[in-house]
Every structure is written in C-alpha cells, then in structure tokens.
Amino acid sequence: MKITSVPQLYRNLRRFREIAAVLRRYGLADGLTRFRLPFRDWAKDRDGIALSRYTSVQRVRLALTELGPTFIKLGQLLATRPDLVGRELAEELKHLRSNVRPDPFETVEETLRAELGNDFDSHFSDIQREPLACASIGQVHRGTLNDGTPVVLKIRRSGIHRIVTQDIEIIGGLAQFAMRVESLAAWSPTEMVEQLAPIIRRELDFRSERLSLRAFADIFAKSSLPIVIPEPIDHLCTQSVLVMQRIEGTPLSQWAIGQAALAEITGDTADGTQSANRPIGQAIAAAYLSMVMDHSIFHADPHSGNLIVMDDHRVGILDFGMVGRIDPILRETLEDMLVAIVEGDQNRLTRHIRRIGRAPASLDESKLATDAVEFIATYSRQELGEFDLTSALNDLSGILHKHRIKLPHQSALLLKMLISLEGTLRELNVDFDSLEAVGDLVRKSMLRRLSPVRRLRNASRVYLEAERFLEIAPDEALALMGQVRRGDLSVTLQHRRLSPSINRLVLGVMSSAVFLGSAIMLATNVPPRLFTSDPTSSLHNLSLLGLIGLAGSITVMLWLLIAINRSGHLTRGGDEDSGSPK
C-alpha cells in the first residue's frame with residue numbers, strides 16, 4: 001500500500017473493519033466448505049442459513065449485498081463484465097438487489113428543501129409519500145406539478161454520497177493490497193477500480209442522467225419510431241434531485257404476460273399473439289440498433305422492467321443511469337467482429353478480438369486461434385432464424401475471460417446491451433431474427449463507410465495528421481541527435497514481478513547460511529549447552545543456539561518450498577503456465 005493511503009485507512013478504520021469482518025466470514029466459510037470440515041456450518045447469513053449451503057459465486061453475491069450500496073453497485077457493474085469475472089459469476093451478480101429500507105418522507109422533504117429551496121412545495125400540487133421504487137442510490141416518488149403535469153421525482157438517499165466516497169477509498173486500498181498477491185495481480189485490480197469507480201460516482205450525480213434524458217428525448221423527437229423518452233423538468237433538476245415527465249403504461253414483462261393470458265382466453269393461436277407483439281418488438285429492436293448505428297450512444301440496460309408499453313402501443317424507455325457511448329473506430333471493429341462470426345472467418349475474428357481488447361503479453365496465439373475456430377464452427381453454420389446471438393456473445397465473453405483479454409468498458413456495455421435486448425424480445429415471444437438484424441446492421445455500416453462524405457472526412461484527417469508529423473519530425477530527430485551527442489540519452493529498464501523471486505532468493509541464501517552456521521555450532525558444542533549432566537547420552541553438550549538455528553532454517557526452507565510449489569513454478573511445466581491466473 002502506498003504511504004498516501006495511510007490517512008485514508010485511518011480515517012475509514014471503522015468501516016474498513018466492518019468490510020474486513022464480512023469478507024473474512026464469507027471467505028473463511030468458503031474454505032471450510034471446500035475442505036468439508038465438521039464445523040463448516042458455523043457461519044450463517046442474516047436469515048440464519050449456513051453459508052456452506054451456498055455455492056462460491058452465491059457467497060460472493062451475498063457478501064456484496066451485506067456490504068451495502070457501493071458494493072452492490074460495483075457487483076452490478078461487474079455483472080456486465082463476464083470478460084473480467086467469468087460467465088458464472090457474472091450471471092450470479094445479475095441477481096444482486098439492494099435490500100434497503102426507503103428514507104422516511106421527512107428525510108425526502110429535507111433533501112428537496114436543501115436542493116430546491118424552502119418553497120419547494122410551491123412547484124408541486126402533490127407528492128406521494130410512499131415511494132414508487134427504492135434502490136441503493138435513490139428512491140422514486142410520484143408527483144404532480146402545479147400545471148397538472150404528472151411527474152416522478154428521483155431523490156438521492158440521505159448520506160449516500162459520504163458512504164460511497166468512503167467505500168471507494170477502501171476498495172482502492174484493498175485493490176493495492178491485492179496487487180501484492182501474484183494470482184490477483186494478474187487481473188490488475190487497481191486498474192479495474194480506476195475504471196469502475198468514476199462510473200459509480202457518476203451515478204451519484206443526477207445531472208448526468210438529466211443530460212442523457214435530454215439527449216435521447218431529442219433523438220427520438222426527430223424519429224418516426226413509436227418511442228417515448230421522459231423529458232426532464234430542467235429547472236427542478238439538481239445533483240440530488242431529478243424531476244421528469246411521468247410515462248403511464250404497463251411494464252413490458254407484465255404486458256407480455258397479459259397478452260399471452262388474453263390469447264389463451266380468446267383461443268387465439270401463437271401466430272396471432274406474435275402478430276400482436278411483433279410491432280412492439282420491431283420498434284424496440286429498431287430503436288436500439290438506431291442508437292448504436294446512427295447516434296453512437298445507447299441505453300445500456302434494456303431489460304423488460306425499463307420498457308413501458310403505453311395505451312397507444314408506443315414504448316417508453318426508463319432509467320438512463322447506465323448509458324454507453326462508442327467512438328466510430330470501436331463501432332466499426334464490433335461490426336467487423338459480427339461479420340466475421342456470420343461469415344465464419346476465424347482469422348478475421350481472432351484479429352479483431354486482439355484489436356478490440358487489451359491482450360496480456362503471455363497470450364498464447366495458437367490457443368486463441370483454436371478457440372476462435374471452435375466458436376466459428378458452432379455459430380457460422382446456424383440457419384437464418386436460428387442464430388442465437390445471446391449464446392454467441394456469452395461464449396465470446398468466455399473466450400475473452402479465458403485468455404485474459406480485457407475489453408474497454410464501453411465495448412462490454414454494448415455486448416451486455418445486445419444480450420439483454422435479445423432476452424427482452426424473447427419475452428415478447430417474437431421471432432426476433434438475430435442473424436437478419438446483424439445483416440441489416442452490416443449493410444448500413446458498409447453504406448456509411450463507402451459514403452463520399454466519410455471518405456472525404458477521413459482523407460482530410462489523414463492529411464492534417466501527416467502534415468503535423470512532417471512539421472514536428474525534423475525537430476524531434478534533431479533533439480534526439482543532440483541528446484546522443486551530449487551523452488544525455490539514457491535507457492531505463494523496468495522489471496515486472498521480479499520482487500517476489502528476488503526476496504525468495506535472498507531468504508533462501510540467508511536460511512542456508514543460518515543452517516551452515518548452526519551445524520558448525522552443533523559440531524563444536526557452542527554454549528549454552530543442553531544435557532551436560534549425562535556424558536553417556538548422544539545429545540551430551542548439545543548447543544542450544546545451534547539447535548534453534550537449525551530448526552529455524554529448516555522451517556524457512558520448507559515454507560519456501562511450499563510457496564514455490566503453490567505458485568506453480570516448482571517444475572518446468574509450471575513455467576509454461578505461469579501466465580495464467582491461479
């Protein structure tokens with residue numbers, strides 16, 4: 001841990017001890033269960049159920065739930081990253097729910113008074129006391145403006161900013177500790193925290209969600225698609241309060257169940273039900289593909305609870321706390337990956353997997369190519385109408401996790417959005433043809449890439465970059481030659497992860513020296529001596545210091561041997577697998 005982290009650790013000592021206690025309890029329960037010890041049922045959850053009855057990934061979810069809102073939000077973000085945590089854990093983390101009590105309405109009124117002024121109630125004719133929904137960051141109440149406009153108020157929970165800030169500091173410190181463990185350092189925990197912490201902080205500021213609402217409302221106001229985005233009431237939105245238009249309708253999941261029940265009552269066929277649902281499904285699919293293809297910004301959480309079917313069969317989209325943005329280069333790379341999957345081109349798929357993510361230096365190209373060939377063989381032969389996009393993207397995430405290829409967060413969000421989208425459309429019992437959708441996406445992409453306007457823009461960009469390079473290259477070359485001539489040029493070599501090996505080497509040499517010295521003391525009977533009164537004993541005049549030194553050096557040598565064996569570097573075969581995390 002860095003010395004600058006010490007004040008943070010002291011400041012958050014009480015919370016750190018709480019977190020450590022929960023992690024120790026769940027981690028110890030995992031070890032007791034794995035070795036089937038007789039007292040493994042001593043650790044229990046809040047409901048009194050023995051932790052040994054849960055799987056290891058379930059224990060991770062329970063631990064995060066018990067640790068509170070910051071860890072719940074962190075787990076929900078990691079659920080979108082199967083490339084980092086693996087598919088099994090990512091699927092389990094999708095079940096994370098914040099089991100928190102709502103703030104009392106008096107506390108809500110205090111927040112409104114602090115954010116909107118003492119006369120906040122002059123803007124509203126009514127605010128319902130019971131929350132419509134409650135989450136770890138905020139809670140939602142129905143309300144009505146003085147002009148009769150129905151609205152919802154999303155209000156940040158009292159004290160949540162302090163809790164999240166404190167927990168992020170502690171998580172950062174734990175990540176620095178984890179970097180000292182070789183098997184954990186391979187996953188770059190500090191880098192992971194640096195990537196995810198700003199996203200958690202951003203969700204605390206409702207102003208970013210207001211901007212997202214405004215951006216999507218402007219996009220679909222100009223579109224012919226039957227999509228409705230709740231517009232924010234700008235003058236009533238602050239960092240802790242978000243007031244937006246209320247969309248009345250039925251959540252998509254309930255609407256699909258209702259349609260199925262209605263079809264059963266009326267005796268309608270499955271085809272008739274699909275005919276009723278198909279316009280809704282087509283509108284949702286077209287809206288999300290348009291977000292990605294035409295606007296490079298997308299709603300990243302299209303599960304059925306965030307989609308509302310209105311009485312006029314328009315679709316409302318809710319909860320813009322998680323929004324993804326992609327740049328043109330990333331979008332084109334993802335498009336090329338989808339084309340490679342459809343066309344069965346494993347070489348192109350392997351090349352784009354390396355391009356889209358950050359591969360470790362120890363990446364085994366041959367094993368990656370083998371996995372790509374198997375992946376292509378599975379999905380390239382599926383017929384039109386049978387292509388399973390969800391399984392394909394999940395298996396692709398599994399390949400990335402296996403080879404420790406890390407995706408940019410926005411790429412992972414896009415993959416998560418596509419998986420959620422297909423699952424939502426399947427709830428409608430609509431024949432959503434993923435292969436046909438990918439084909440439409442590719443055709444639009446090709447037309448956009450071949451457009452004269454894009455080619456002219458790229459040509460001008462390349463010309464400007466070349467012109468700048470030609471301007472600065474001579475000066476940089478002259479500066480480099482000047483450094484060489486003056487003898488100022490130096491080369492810095494930086495080793496990585498050699499410290500444990502060097503420490504083991506030094507400790508081995510020291511223990512060998514102690515062993516040798518102790519043997520000499522035993523041979524020369526260096527005082528103080530044991531068993532001096534019995535000259536016939538084989539232990540007569542045994543050197544106490546020599547005995548202690550001999551026992552200590554043997555203990556250290558055995559510990560070193562066990563540590564090296566656990567790291568997988570004891571044999572030559574261990575060196576070959578040293579790049580994989582343990």
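A search of the whole structure, which is a predicted model, finds 17 salt bridges, each defined as a side-chain nitrogen of Lys or Arg within 4 Å of a carboxyl oxygen of Asp or Glu. Side chains of opposite charge can pair when their charged atoms come close. One of these salt bridges joins Glu106 to Arg129, with the closest N and O atoms 3.0 Å apart. The pair links distant parts of the chain, 23 residues apart: Glu106 lies in helix H7 (residues 105-116), and Arg129 in the loop between strand S1 (124-127) and strand S2 (133-134). Helices (H or I, at least four residues) and strands (E, at least two) are DSSP runs numbered from the N terminus.

Residues are numbered from 1 along each chain as its sequence is written. Local features need pLDDT of at least 70 and side-chain atom pairs count only at pLDDT 80 or more, while totals for chains, interfaces and linings use all residues; side-chain values use heavy atoms, without hydrogens and water.

Helix packing is illustrated by H4 (residues 69-78) and H10 (residues 189-204), whose axes come within 10 Å and cross at roughly 115 degrees. The axes are lines fitted to C-alpha atoms over the stretch in contact, with angles from 0 to 180 degrees between N-to-C directions. The crossing of H4 and H10 is right-handed, the near helix being turned clockwise from the far one by less than a right angle. From H4, Thr70, Lys73, Leu74, Leu77 and Leu78 meet Met192, Leu196, Ile199, Ile200 and Glu203 of H10, contact meaning heavy atoms within 4.5 Å. By class, this contact has seven nonpolar, one polar and two charged residues.

Two backbone features lie in loops. The peptide bond from Pro527 to Pro528 is cis, with omega near 0 degrees, and Pro528 is placed between helix H21 (499-524) and strand S12 (529-530). Asp319, although not a glycine, has a positive phi of about 60 degrees; its loop runs between strand S10 (315-317) and strand S11 (323-325).

Key: Nonpolar A, V, L, I, M, F, W, Y, C, P; charged D, E, K, R; others polar.
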